[in-house]
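The sequence and structure are shown first.

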Amino acid sequence: IDLDDVRGYRASIPSFGIQVAQMTNKASKLLVSCDVIADARKTGDGTVLTPSEEIQLKYHTPEKECCLGPACWLCDFLRRCSAGFLLPLSGGADSLSVATIVGCMTEMVTKAS
């Protein structure tokens, strides 16, 4: 990542331009060379490093994405606050959509455990 390009892009946006102009400690370029491990290697302490197995991507329909995204957020919210939440149902469309998201979340949690 070229930080000068990022800084230049941010400076072109008026709200970010003020922040960029006020920066006092600008990062300099640091070139780092690294090797990608293609086979098993031993580290200094004897640990064997092997590449992980390839993960097959799973694409969802747009409708399912709209349901799974908020369900993941809700699950993460519950994990962090650990207090629970109240789901008032009035019978309207908004109550139905929230109940559907909660249902998707519970289904995801049940499958994961």
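## Pocket lining

By class, 4 nonpolar, 1 polar and 4 charged residues line the largest pocket. Here Ala, Val, Leu, Ile, Met, Phe, Trp, Tyr, Cys and Pro count as nonpolar, Asp, Glu, Lys and Arg as charged, and the others, Gly among them, as polar. The model is predicted: local features need pLDDT of at least 70, side-chain atom pairs count only at pLDDT 80 or more, and totals for chains, interfaces and linings use all residues. Residues are numbered from 1 along each chain as its sequence is written, and side-chain values use heavy atoms, with hydrogens and water left out.

The lining consists of Lys58, His60, Lys64, Cys67, Leu68, Cys104, Glu107, Met108 and Lys111. Two or more of the lining residues come from each of helix H3 (62–81) and helix H4 (93–112), and H4 gives the largest share, 4 residues. Helices (H or I, at least four residues) are DSSP runs, numbered from the N terminus. The volume of the largest pocket is about 170 Å³. On a 1 Å grid over the protein atoms alone, a pocket is an open set of points where a 1.4 Å probe fits, with protein on both sides within 12 Å along at least five of seven lines; lining residues have an atom within 4 Å of a point. Grid points are joined across faces, edges and corners, and the volume is the space filled by probe spheres set on the points.

## Disulfide and other cysteines

The whole structure contains 1 disulfide (a pair of cysteine sulfur atoms within 2.5 Å). Cys67 and Cys104 form this bond, with an S to S distance of 2.4 Å. Because Cys67 belongs to helix H3 and Cys104 to helix H4, the pair ties together parts that are 37 residues apart in sequence. The torsion about the S-S bond is about 100°, so the disulfide is right-handed.

Cys67 is buried at 14% relative accessibility, and Cys104 is buried at 19% (buried means under 20% relative accessible area, exposed over 50%, partly exposed in between, with a 1.4 Å probe and protein chains only). Cys72 is partly exposed at 40%. Its sulfur lies 7.2 Å from the closest cysteine sulfur, in Cys75, which is too far for a bond. Cys81 is partly exposed at 30%.

## Helix H4

The 20 residues of H4 should span 28 Å at 1.5 Å a residue, and its end C-alpha atoms are 29 Å apart, which agrees. The expected span is 1.5 Å times one less than the number of residues.

Ser95, Val102, Cys104 and Met105 are the buried residues of H4. H3 is among what covers these residues, where contact means heavy atoms within 4.5 Å.
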